[in-house]
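Open the model in your viewer and keep the selection tool at hand. The stops below follow one another, each with something to select and a short account of what is there.

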Amino acid sequence: MRDRILRALERSGADYTDIRVEHQWRTEVFYQGEHLQNVGASSELGGIVRCLVGGGWGIAVFNSLDEMERRVEDAQRIAQIVSDKLPEEVELAPVEPVQDQVRVSLPKDPRSVPLQQKQEILKGYNDTLLKYSDKIVTTNARYTDSFKEVTFANSAGTFIVEERPDVTLMLVATAREGATNIQMGFEQYGVAAGFEAMEGQEEKAETAARRAVDLLQAKPVKGGVYTVVVDPLLAGVFIHEAFGHLCEADFLHKNERLQGILQPGRKFGVEELNVIEDGYRPGLRGNSKYDDEGTLRRRIYLIRDGVLQGFMHSRETAARMGAQPTGNARAISYRFPPIVRMRNTYIDQGSASFDQILEGIDYGIYACAAFGGQTELEQFTFSAAYAYEIVDGKIGEMLRDVVLTGNIFDTLRNIDMIGNDLQIWGGAGGCGKGGQAPLPTTLGGPHVRIQNLTVGGRAQ
Amino acid sequence: MKTEIRAANLLEEVSGQVDGAELYQLRSLELPVRFAFGKLESVQSVETAGRALRLIKDGRLGFSTTTDLADDTTLVRNALESAQFGDPAPFEFPVKQPTEPVACFDREVEQLDENALIALGEEIVEEIKSYDAQLQTDVVIYRSIQEVQLLNTSGLDIQDRRTGLAISVEVTRAREGDIVIIYDSASSHRRQDVDGLALARGIVERFQWAEKTVKVGSKPMPVVFHRLGAAVPLLPLMSGLNGRQVFLGASPLAEKLEQQVLDERFTLVDDGRLDFASRSAPYDDEGVPTTRKSLIEGGVVRQFLYDLKTAGLAGAQPTGNGFKSGLRGGGFQRPPDVAPSTWLVPPGERSLEEILSGLDEALLVEQVIGLGQGNVMAGEFSNNVSVGFLVHNGEIAGRVKNTMIAGNVYELLKDQLLALSDRPAWVFGLLHVPAIAVDGVSVASRG
């Protein structure tokens with residue numbers, strides 16, 4: 001493989017060329033209700049060539065390694081077409097060429113665990129979901145594992161082989177009462193580990209089922225403006241979706257107006273607000289030693305002491321904005337070129353206890369976990385998976401259908417308390433951007449209190 | 001160099017060891033062209049191939065996929081291993097049933113090269129710029145040529161060549177403290193159906209309406225879901241009419257077949273045979289002929305969507321809705337699953353302008369954030385209105401900000417339907433629907 005890649009690189013007459021070849025082994029087990037909807041193992045092998053000529057990128061994707069040299073020529077030809085349209089040269093920020101092999105050793109490598117064991121463990125969790133209550137009408141239980149060997153080489157002399165494991169578990173219970181009261185409870189878990197991480201997760205199944213049943217009795221929230229306390233998970237979704245994406249420099253470097261707003265040195269929140277983007281947290285899904293351009297990982301502050309510090313970069317955006325590459329150029333697979341993406345992103349912990357955060361709230365909302373989140377630049381929306389009333393500083397009755405929305409800059413300024421209970425969390429899905437989803441990332445934070453947040457809901 | 005194993009040979013090799021087997025093979029040539037902030041960003045050439053083997057052994061289903069067309073042993077071994085404890089198969093692989101052709105190939109699309117696609121993008125960028133040079137335009141143009149081959153041990157052998165052209169346009173107006181993003185897209189098997197300039201002009205129209213910002217109160221009011229906004233009321237129906245969710249008992253429509261559940265003016269058709277529509281094909285990905293059928297007719301539930309497996313479990317007929325790439329793609333890597341074809345809602349009598357002119361105070365919702373979040377199965381929606389306009393005394397008064405809408409689709413389309421407009425619009429290459437006006441939607445706004 002090494003010789004073949006080096007030979008293909010030599011064929012290129014472009015200013016810069018890189019080749020990434022990925023070999024991936026995957027399994028999936030998927031139950032819906034009592035039915036094993038899918039069980040199967042698959043393997044995938046493919047690669048991508050990127051050529052930079054003048055101001056243009058040409059990109060060619062292939063499955064057959066026999067085609068590698070021809071695809072290098074195609075990428076170069078396309079890059080020339082793009083370059084003719086773009087007079088401006090593209091520079092890449094320098095990165096030291098590196099030769100490295102990053103191997104992982106897993107207690108239970110999923111490639112050697114029989115498929116049947118994976119099916120049995122998931123069936124156990126699925127049975128727990130189904131048997132919790134006769135109100136549970138159906139389930140979605142999904143186990144996935146993936147083991148990727150990524151080979152990256154470029155025309156500057158870098159050659160890296162890196163192994164990246166990933167296992168996930170998604171457990172969803174659907175409870176129903178009468179014709180229209182249908183509620184879902186879910187728990188999910190994803191780590192850069194082997195099969196061992198998926199063992200002993202019965203409690204998650206029980207929690208998911210209990211929540212679905214409890215939500216049948218929960219009150220729908222009344223829309224309005226509230227003091228909202230978000231749990232560590234929702235704090236993480238918020239900072240990833242609403243703020244993290246704005247700090248991805250591939251978007252920012254072309255957008256002068258947004259750059260005018262997001263100026264390093266400008267204050268965006270209270271002194272205690274720190275937002276960190278970290279290329280390595282032991283065992284977490286957002287990890288990789290090198291990104292998909294061969295840049296070594298780093299840990300950076302997006303916000304430190306309430307003040308904006310900097311952004312996430314690829315080599316191209318770093319050169320354009322006079323910054324250092326941060327190791328954030330990532331691709332979901334060989335079918336896509338790397339773009340600027342998050343890894344492990346979180347609000348760092350502050351000093352308040354949970355009780356201190358609740359203190360003094362006459363009526364507010366405690367919003368937990370997330371069904372999902374989406375943003376359009378400064379506007380965000382995310383749906384809490386479940387929530388509670390806060391009445392006179394105490395947690396009250398359960399609420400459902402809580403959707404939080406607002407403007408990120410207003411909302412960051414409205415954070416007035418930050419908890420001392422940081423948790424970082426990897427789910428079963430991942431992040432989506434530019435047609436590339438799901439990319440393994442993690443997110444988190446402590447409990448965070450936000451004043452004057454809009455909550456959507458039906459009037460009562 | 002390893003030699004590729006022919007699909008037919010692989011199927012024959014496996015046929016002696018199993019009750020039945022199906023081989024799906026996809027070769028595709030894709031050419032995505034991206035413009036960012038009004039400038040060409042990249043051109044890619046994506047040549048991929050892969051196959052999926054699904055089999056039934058001792059009555060149980062197994063599945064595996066690979067991108068290595070020279071390797072049969074791993075593919076067959078993986079599929080056989082999973083069949084040892086797979087779900088019982090409630091169906092047999094179908095024989096080929098004759099059907100009329102459905103047009104999926106267009107020579108004009110096939111002949112579009114990199115330069116032609118770049119020119120298409122430039123035309124869109126220029127059109128937007130001529131309205132306001134400060135607007136930032138992102139465009140993705142996607143041309144594909146696919147060769148699909150589907151074989152099974154019941155003698156089915158389908159080979160199909162399809163073209164595809166898709167354009168999506170996203171335009172941003174960023175002013176300090178106020179950012180608006182408006183997007184739209186079009187896709188088809190045929191070149192002439194994908195009109196980039198029309199997309200650009202529709203986006204400019206929305207920016208014109210958005211020049212002025214107005215405040216809206218927090219209360220229930222009429223909402224008109226238009227263009228992409230129409231996905232809000234239709235999305236929950238995709239879960240509700242999915243035969244698997246019905247069989248599992250999760251759909252609120254589960255016991256409602258032949259019952260009146262929505263307003264009698266509301267009809268919904270699933271059409272897998274509309275020539276050149278991007279989700280059309282003569283057969284689905286299991287070899288069942290696609291169909292055109294009313295799912296809801298005059299408000300009455302007539303039909304759910306089924307693939308082979310779900311139909312077998314539910315004792316229903318397959319409807320030709322077994323697709324390997326659901327709404328989110330996935331290509332050959334996924335087993336077939338229940339998915340809609342093109343959804344058509346027959347239009348009403350009045351134009352959008354006439355409908356708006358009859359409303360004292362209402363929201364025209366063109367685009368939301370958070371589509372598909374929340375309790376979709378129950379019909380609930382709760383969305384931030386990212387592109388929406390206040391209608392005051394029948395006229396568009398301006399854009400609303402920081403506004404949420406919430407409601408239940410099943411309740412709104414049953415008791416609160418005001419009107420359907422006379423001109424359907426394409427949404428995501430999936431829906432072809434008129435503007436849908438309903439009363440009594442909860443609106444919460446910070447003004």
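Predicted model: local features only at pLDDT ≥ 70, side-chain atom pairs only at ≥ 80, totals over all residues.

Select Leu129(A) and show what surrounds it. Which residues is Leu129(A) in contact with, leaving aside its neighbours within four places in sequence? They are Ile136(A), Thr139(A), Ala141(A), Leu171(A), Ala173(A), Ala205(A), Ala208(A) and Ala209(A).

**Chain A: two domains**

Colour residues 2-217 of chain A as domain 1 and residues 220-456 as domain 2. The centres of the two domains, taken over C-alpha atoms, are 22 Å apart. Now look at where they meet: 38 residues of domain 1 of chain A are in contact with 28 residues of domain 2 of chain A.

Stay on the domain 1 side of this boundary. At least two residues each come from strand 1 (16-32), strand 2 (35-53), strand 3 (56-62), strand 5 (136-154), strand 6 (159-177), strand 7 (181-191) and helix 4 (202-215) of chain A. Select strand 6 of chain A next, as it gives the largest share of that side, seven residues. Colouring by residue class shows 20 nonpolar, eight polar and ten charged residues on the side of domain 1 that touches domain 2 in chain A.

**Chain B: the whole chain**

The secondary structure of chain B consists of ten helices and 21 strands. Its C-alpha trace spans about 75 × 55 × 35 Å along the principal axes. Chain B has a radius of gyration of 24 Å, which agrees with the value near 22 Å that a compact globule of 447 residues would have.

How much of chain B is buried? Buried residues make up 55% of its 447 residues. Among the contacts in chain B with a separation of 6 or more, 70% are between residues 24 or more positions apart.

**Last stop: helix 6 of chain B**

Select residues 231-240 of chain B, which form helix 6. This helix is mostly covered, with nine of its ten residues buried. Show side chains for the buried ones: Ala231(B), Val232(B), Pro233(B), Leu234(B), Pro236(B), Leu237(B), Met238(B), Ser239(B) and Gly240(B).

How values were computed: Residues numbered from 1 in each chain as written. Chains lettered and ligands numbered in written order. Domains from an automatic or database assignment. Contact = placed C-beta atoms within 7 Å. Helix = DSSP H or I, 4+ residues; strand = E, 2+ residues; numbered from the N terminus. Nonpolar A, V, L, I, M, F, W, Y, C, P; charged D, E, K, R; others polar. Rg over C-alpha atoms; globule rule 2.2 N^0.38 Å. Buried ≥ 20, exposed ≤ 12 C-beta atoms within 10 Å, placed from the backbone.
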